[in-house]
Amino acid sequence: MRAELQDPSSPTWAAQREELRLLHTKAPGQAAVAPTIVGTSSALKGLVEVAERVARRNAKVLITGESGVGKDVIARFIHARSPRADQRFVALNCAAFSETLLESELFGHVKGSFTGAYRDKIGKLQQAHRGTIFLDEIAEMSVRMQALLLRFLENGEIQPVGSDAPPIRSDVRVLSATNRDLTEMVAKGEFREDLLYRIKVAHIQVPPLRDRKDDIRALVEHTLVRCDDRVAIAEEALVLLESYRWPGNVRELQNVIEQMASMTAGDEIGIEDLPPSIAAPQGSHAYPRRERRRRVSDEIYEALVSGGKRFWEDVHTMFTNRDLTRADVRQIVRRGLAMTGGNYRGVLQLFGMESQDYKKLMNFLAAHDCVVDYREFREVKHDTGVRAADAPRVTDPSA
Ligand SMILES: Nc1ncnc2c1ncn2[C@@H]1O[C@H](COP(=O)(O)OP(=O)(O)OP(=O)(O)O)[C@@H](O)[C@H]1O
Ligand SMILES: [Mg+2]
């Protein structure tokens, strides 16, 4: 193996070099385009200023915040505004891989190093050489992977899985993100303190949407223009959107607006088009029985999405104790499907469940007649990506 990697005339080595050459070949001026960050609140404006400032330096940045607040957007923004903008931005979701696969994704592997390693593979850290790597959901890394990453951060050296060749050096800027409290994880011994200090040279905390309500109008307007610029929204509906808690943050807001824009009969979204959980005034108890039940499921849904409740520990237990009805569970699942564009695996992630719980969840729902047909949610486009064509600016429609 060693001879193969070291011998520049070996076909493997030549293929690797070619792959790397292609990866790093960029047309001049092909710099990343910064995503549009929409919002008018002082919190968001301050955050973008900090992002601009840290972008210019090489510091490692930790981005934290609830699911759907825009951590991904901020990471891409930092890269696009950094001196590395004309190099690669390589994103890796640490929660999407088992430990072995994550090691190989990060560091690469040599052919035959484990079952399924049919050819040499270049890891993301090497792909991102001279550019930026974005380690999303970094809290999900196992303790062993944390140690390997720490070693890389200390010496910049990559050792592909199964290779005994001298390590390869890579110069990458590391951005990380998580929706978990890493300090609390350090206290519990689940996350290495030395790694936390390494990745958190700068820290950007993205506040939940409910704490920057001033952004809601701008986000609604931006989303409406993007999905159908002939549809407007009534002032009363906007006021209700502003008082809703948005547990799924900007992602939830985008989904709600896209759904309403595609469903509304006229050319203006009114109160009657709003989902019941948003249309019902907060804190009011004068609901008919059906509405009351709906609120129970809404509260549970919100707690699941924000991490305040866990599915198996709380929801399952409440259901077995008959504190939740089948209709409640169906409604929770329905909202999850609406949020993820009819994707049950996405619901699992949204509710903070392990991906291997898929079968367990489906069996539980089937056994209790709570399966909701995902197809009705598939028609609505679910978009969580960053638009490449977006202009490099911070949008402030009121400015
Ligand atoms: N300020 C913003 N302006 C415009 N779009 C935004 C903004 N914040 C978030 N978005 C959009 O909201 C969606 C969710 O954002 P993003 O994926 O960055 O969230 P996240 O914090 O990374 O979520 P998760 O923790 O689930 O990964 C995306 O479609 C993103 O483009
Ligand atoms: Mg993200």
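The model is a predicted one. Its chain has 399 residues, of which 37% count as buried.

**The chain as a whole**

- The secondary structure of the chain comprises 18 helices and 13 strands.
- Of the contacts between residues at least 6 apart in sequence, 75% join residues at least 24 apart.

**The surroundings of ligand 1**

- Ligand 1 is surrounded by 19 residues, and the closest are V38, G70, K71, D72 and V250.
- Two or more residues of this shell come from each of the elements β1 (37-38), α4 (71-80) and α12 (249-263).
- Ligand 1 lies between domain 1 (2-207) and domain 2 (213-280), because both domains give residues to the shell around it.

- Most of α12 is covered, since 12 of its 15 residues are buried.
- The buried residues of α12 include V250, which is also among the residues closest to ligand 1.
- Charged side chains are found in the buried set too: R251, E252 and E258 are among the buried residues of α12, Arg and Glu being counted as charged.
- The elements that cover the buried residues of α12 include α10 (214-227), β12 (268-269) and α16 (326-340).
- N249 lies in helix α12 and has a positive phi of about 55°, although it is not a glycine.
- N249 counts as buried because it has 25 C-beta neighbours inside 10 Å.
- W246 is placed in the loop between α11 (235-243) and α12. This residue also has a positive phi, of about 50°, and is not a glycine.
- W246 is buried, because 26 other C-beta atoms lie within 10 Å.

- Helix α7 (residues 143-155) has 13 residues and reaches 19 Å from its first C-alpha to its last, close to the 18 Å expected at 1.5 Å a residue.
- Within α7, the residues M145, L149 and F152 are buried. They cover an arc of only 55° around the axis, and therefore lie on the same side of the helix.
- An α-helix has 3.6 residues a turn, so residues three or four places apart point the same way.
- The elements covering the buried residues of α7 include α5 (99-107), α6 (124-127), β7 (157-158) and α9 (193-199).
- R144 also lies in α7, and it is exposed because it has 11 other C-beta atoms within 10 Å.
- R144 and E103 are 41 residues apart along the chain, and their C-alpha atoms are separated by 9.6 Å.
- Just after α7, G156 takes a positive phi of about 65°.

- S113 is placed in the loop between β4 (108-109) and β5 (121-122). With 18 C-beta neighbours inside 10 Å, S113 counts as partly exposed.
- Apart from its neighbours within four places in sequence, S113 is in contact with V161 and G162.
- S113 and G162 are 49 residues apart in sequence, and their C-alpha atoms are 4.7 Å apart in space.
- Y301 is placed in helix α14 (residues 289-306). Y301 counts as buried, with 25 C-beta neighbours inside 10 Å.
- Apart from its neighbours within four places in sequence, Y301 is in contact with I332 and R335.
- Y301 and F351 are 50 residues apart in sequence, with 8.2 Å between their C-alpha atoms.

Note on methods: Residues are numbered from 1 along each chain as its sequence is written. Chains are lettered from A and ligands numbered from 1 in the order in which they are written. This is a predicted model: local features need pLDDT of at least 70, side-chain atom pairs count only at pLDDT 80 or more; totals for chains, interfaces and linings use all residues. A residue is near a molecule or strand if its C-beta atom, placed from the backbone, lies within 6 Å of it. Helices (H or I, at least four residues) and strands (E, at least two) are DSSP runs, numbered from the N terminus. Domain bounds come from an automatic or database domain assignment. The expected span of a helix is 1.5 Å times one less than its number of residues. A residue is buried if 20 or more other C-beta atoms lie within 10 Å of its own, exposed if 12 or fewer, and partly exposed in between; C-beta atoms are placed from the backbone. The arc is that of the directions from the helix axis to the C-beta atoms. Two residues are in contact if their C-beta atoms, placed from the backbone, lie within 7 Å.
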